[in-house]
Amino acid sequence: MSRMFRNSLPLFSSVKQRNLLFATLQRGRASSSEFLKKSKVPTYHFQKSLPRLPIPKLEDTCRNYLLTQKALLNETQYQSTEKIVKEFEQNEGKTLHDELVALDKANKHTSYISAPWFDMYLKDRRPVVLNHTPFTTVIDDPRPEYNTQLIRATNIIFSSLRFMKSLEEETLEPEVFHLNPKKSDTEMFRKVVRWLPEAVSWYGAFMYKAYPLDMSQYKRLFKSTRIPKKSRDELHSNPSSRHLLVLHKGHLYSFDVLNSDGSIKPAEEILAHLKYICNNPRPVADYPVAQMTTENRDVWADVRQHFIETGNEEILREVDGALFALSLDHHSPSTSDEILETYLHGDGSNRWFDKSINPVVSSDGRAAVTFEHSWGDGVAVLRYINDVMKDTIDRPVVGPDTMPSSATDSSKLVKHLDFQLDAKLKAKITNAKEQFQEAHRRLQKNVIDYKKFNKSFIKSKNLSPDSVMQLVIQMAFYKMTSGEFAASYESCSTAAFKHGRTETIRPNTLATKKACEMIFGPKSTATLAEMQAVLDECSKVHMNLTKSAAMGKGFDRHLFGMRTLAEKANAQTPALFADPNYKHINHIVLSTSTLSSPMIQFGGFGPVVPNGFGIGYQIGDEATGYIVTSYNPHRSGSDFVVALEESLNAIYNILEGRSPH
């Protein structure tokens, strides 16, 4: 490594350094009010030297797959699957693995999972909303007078533009996981890595025990959308975009928020445009075109073509090319059910679900963010939320005393996107609306806010907080179903690698199975000490699974990659992928995920299978909580929430040295 540094530095100091200094001077000419805090380290400084996502050894994948299956299957089922897996490992698996490795070596610019994972999303013909689109509600501004719809929306727009401009000018702080923040999250660290060549910069960060994360997804946060196409959708970007898409009462509007030189329009002008839209006397749209983004993707693709044929191509181009979509709702949810319904999906008429990000601001100023999932994952969206919401609080551009620009004629600058709708299009929109109403009518949404313990309490017991939250889910399902176990999924980012996406943590383990049977089993005679010991075992197993997944050593993506190759070859399906138990383990009944941030109140998503649960959870400094979605008549979310609370109480009692019951 020392030779690598010595050979690279002379070239860097003579050419790269001059370029970097010149770029810094150029950026310095722009107004600092149009950017977030400017990073000393360029945004994509580590991207070239990021390590590549490893492909696990075939024998490790087969072993770990069987270990997970053992927690789900009875002995007869397991023996059958074990035989199939052993044969796969010696035959087709070896061939497919070698092909995957060879393909990976030929495409060193990306990861082996990137293209198949994009295809997985873009080829899915189901509606994106309820099936893929998550939501997160964000904290209110601590100053109540800033929590009006127009003030909040204007500040979110302006801070979003600051984020976007910082990203494009590469002054946004690179995303780095600091294992020892006191050592690496410092000015000295930034000074050192800033002057390292991009080709070796990751290694310099690694010496500080800091791990830069992949930022390739960030380029699709703005100016990007998903366009419906037959069989496979497309991701579209418009680099020259300067306008915003705003939805209100099912109507679509657009106006420029950037000047021709890329500078941001005055905040008072943006405020005036939003006020003009909200005060517009147009009634709720009878035929809201945005409703089509809730449809089956092939249906939407066909209807979109008819939109084009009937003279709407230019308007669709305006929608697709917007910087992002902003939804201004003309009502305010009050109950927890209304809040969940509003921000998870609304009525489908006031969201453009195909847009990469779609902030939502209700009439009372409460805000949330929904995002289309094919282009990226939670890491990029979480960074956007954290930076933007913090900026709206620290540096608001408008407040209660700000007046909309009197020199702005919004009637001329704001476009109402007036689609030409024939009888066929009206019928299609009406049908989409009816289908969506039926789908979300069947979707149950339940919340539990549990305040008996928090993150620090669990850590004080030397347990992983995430392992406890996941065990609670397993216990609740076991209790609700009188002894059943189900295929479970927890998302884990692999952004530590170039073009990494996610890996699956399988929370249902032999340890959690033992814990469920020990704590809630009808014939259990376990002592309190044994129960405390099994909680410790569950924590250790879960932490190891999490570490393996984050390091790209899980089995799910490896098997997915090999299955994709087998399908492309049009050969006979390997027995492993035809095994009913393989299909069973991938029928995810318990789909779980968490995003932890002081800027987020809570978040959620729909089930991924009709008889499943979508479980978003948070474990914070004051309380823990779950948001549970499920479909009638397949599952009862209310029964599951009752079982969650009973499971939380049981674990709390055990940790406090009491009987769980």
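Residues are called buried at under 20% relative accessible area, exposed at over 50% and partly exposed in between, with a 1.4 Å probe and protein chains only as cover. The structure is a predicted model, in which local features need pLDDT of at least 70, side-chain atom pairs count only at pLDDT 80 or more, and totals for chains, interfaces and linings use all residues. Residues are numbered from 1 along each chain as its sequence is written, and side-chain values use heavy atoms, with hydrogens and water left out.

A salt bridge is taken as a side-chain nitrogen of Lys or Arg within 4 Å of a carboxyl oxygen of Asp or Glu. The search of the whole structure finds 43 salt bridges. One of them pairs the side chains of E198 and K48, at 3.7 Å from N to O. This pair links distant parts of the chain, 150 residues apart: E198 is in the loop between helix 8 (187–194) and helix 9 (201–207), and K48 is in the loop between helix 1 (2–28) and helix 2 (58–70). Helices (H or I, at least four residues) and strands (E, at least two) are DSSP runs, numbered from the N terminus. E198 counts as buried because its relative accessibility is 18%, whereas K48, with a relative accessible area of 60%, is exposed.

Other salt bridges lie within a helix. D394 and K390 meet at 2.5 Å, N to O; both belong to helix 13 (residues 378–394) and are 4 residues apart, about one turn of the helix. D394 has 46% relative accessibility and therefore counts as partly exposed; K390, at 46%, counts as partly exposed. In helix 15 (residues 423–442), E438 and R441 are 3 residues apart, about one turn of the helix, and their side chains form a salt bridge of 2.8 Å, N to O. E438 is partly exposed, with a relative accessible area of 35%, while R441 is exposed, at 55%. Salt bridges with shared partners also join R125, R226, D233, R297, D298, D354 and E372 into one network.

Lys and Arg count as positive and Asp and Glu as negative; His and the chain ends are not counted. K445, in strand 12 (residues 443–450), is buried yet has no salt bridge, and the nearest side chain of opposite charge, E341, is 4.2 Å away. The K445 side chain does reach the backbone oxygen of L443, at 3.1 Å. E341 gathers with D337, E338 and D347 in a patch of negative charge on the surface. Patches are made of residues with over 30% relative accessible area and no salt bridge, with like charges joined within 9 Å and nonpolar side chains (Val, Leu, Ile, Met, Phe, Trp, Tyr) within 5 Å.

A cis peptide bond, with omega about 0 degrees, joins N632 and P633; P633 lies in the loop between strand 18 (624–631) and helix 23 (637–655). K209 is not a glycine but has a positive phi of about 60 degrees. This residue, K209, is in the loop between helix 9 and strand 3 (210–212). H499 also has a positive phi, near 55 degrees, and is found in the loop between strand 13 (488–493) and strand 14 (502–505).

Methods:
Accessible areas come from the Shrake-Rupley method with a 1.4 Å probe; for residues, only the protein chains shown count as cover. The place of a charge is taken as NZ of Lys, CZ of Arg, CG of Asp or CD of Glu. A polar contact is a pair of N or O atoms within 3.5 Å; within protein, one must be able to donate a hydrogen and the other to accept it, and residues adjacent in sequence count only if both atoms are side-chain atoms.
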